Amino acid sequence: MTYIPTVISIIETLLVLVPSLLTVAFVTIAERKTMASMQRRLGPNIVGYYGLLQAFADALKLLLKEYVSPTQANIVLFFLGPIITLIFSLLGYAVIPYGPGLFVADFNLGILYMLAVSSLATYGILLAGWSANSKYAFLGSLRSTAQLISYELILSSAILLVVLLTGSLNFTLNIETQKTVFFILPLLPVFIIFFIGSIAETNRAPFDLAEAESELVSGFMTEHAAVIFVFFFLAEYGSIVLICILTSILFLGGYLLNISIIIDILQYILNIISNSIYQIDKIEIYNTITNPFISGIFFSLWLAIKACIMIFVFIWARASFPRIRFDQLMSFCWTILLPIVIAFIVLVPCIIYSMDILPSNTIL
């Protein structure tokens, strides 16, 4: 019976990865419909009700498409690059706490693990661009690598400020620390910097200089098509969903939910439905909600709502701002954002120490 833990691990992994990939599919539809609404268009509305199956039709088209690879490309690295990018973009979901006790792995160094796997995805982009033996793909990969490495510093510095308030690199402990106040209030400027860095880190407009169609055709994925292109596509949108969940955890309290408010709302709704014939008691609702399975659903939905709001802001930014030049992007990082973050790294510990509010947790 030694294989039982292995089977359980596989089931846990599938329970996380399959919904993540389905979420990616619906995020693409949401983006196209939202941008269409902002630009007075209809967007996808033919395949399925309200266009909900458009992403699956696109995926089927790409899977059935004939694959053509460059004759002078390094085929092994050409295929390995997108696979590396997709794997490391999905590995981050392993340490996300979706509710109290709902996670695949609860590492004490969860934040460090997240930074590590997100950084390693850069190698896939670099390999894919270099192995294609195309100057456009190579220039796109160099741009993307320089951008990701630069803004990784901004993201890790902003996360360091959150860790200074909690005293732990554990995600669950970071969420539970925000029961008093969400970190978006005391660290609002840091949240804005983190959000800007998140857009750049995921290669999204207006910072998608690695995929500038007017200059580099399609950036580092110019020569990729069919199934291999799907890997890049899934990796990009998977990273967007992950970074939005991470933002919700670090600054918006993650899955934290006031149960008493939910009980009051449910009691009001249920009493209206029952037409006041039978007044439902709060104790009955409380006993139902505090069931581990039911409460897990509520906590996970609350985290999902926060992540969806952040995804909408990502789409909103893409529809609102024009693409900037690459030199402007890099100078903005090194001459504006980095000095501001360093100033906060000096200021926040001084405030914490002067007010004698050092975290009691040990940084493990």
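## Helix α1 against α9

Helix α1 (residues 4-38) packs on α9 at an angle of about 90 degrees, with the axes 9 Å apart. Axes are lines fitted to C-alpha atoms, for helices over the stretch in contact, and angles run from 0 to 180 degrees between N-to-C directions. That makes α1 roughly perpendicular to α9 (65 to 115 degrees; under 35 is roughly parallel, over 145 roughly antiparallel, the rest oblique). Helices are DSSP runs (H or I, at least four residues), numbered from the N terminus.

Leu21, Thr23, Val24, Val27, Thr28 and Glu31 in α1 meet Phe233, Leu234, Tyr237, Gly238 and Val241 in α9; contact means heavy atoms within 4.5 Å. These residues divide into 7 nonpolar, 3 polar and 1 charged. Ala, Val, Leu, Ile, Met, Phe, Trp, Tyr, Cys and Pro count as nonpolar, Asp, Glu, Lys and Arg as charged, and the others, Gly among them, as polar.

## Basis of the model

This is a predicted model: local features need pLDDT of at least 70, side-chain atom pairs count only at pLDDT 80 or more, and totals for chains, interfaces and linings use all residues. Residues are numbered from 1 along each chain as its sequence is written, and side-chain values use heavy atoms, without hydrogens or water.

## Helix α4 and its partners

Helix α4 (residues 110-131) packs on α9 (residues 226-251) at about 160 degrees, with axes 13 Å apart. That makes the two helices roughly antiparallel. Ile111, Met114, Ile125 and Ala128 in α4 meet Phe232, Leu242, Leu246 and Leu250 in α9. The contact has 8 nonpolar residues, no polar and no charged.

With α5, the axes of α4 come within 8 Å and cross at roughly 175 degrees. That makes α4 roughly antiparallel to α5. The α4 side includes Ile111, Leu115, Ser118 and Trp130. The α5 side includes Phe138, Leu148, Glu152 and Val163. By class, this contact has 11 nonpolar, 8 polar and 1 charged residues.

## The cavity

The structure holds 1 cavity of 30 Å³ or more. A cavity is a set of points on a 1 Å grid over the protein atoms alone, where a 1.4 Å probe fits but cannot get out. The largest cavity has a volume of about 410 Å³, the volume being the space filled by probe spheres set on the points.

Its lining counts 26 residues, each with an atom within 4 Å of a point. Ser118, Ala121, Glu201, Thr202 and Ser239 lie nearest the centre. Helices α3 (75-91), α4, α5 (135-166) and α9 each give two or more residues to the lining. The lining divides into 15 nonpolar, 7 polar and 4 charged residues.

How values were computed. 1 Å grid on protein atoms, 1.4 Å probe; cavity = no way out; pocket = protein on both sides within 12 Å on 5 of 7 lines; lining within 4 Å.
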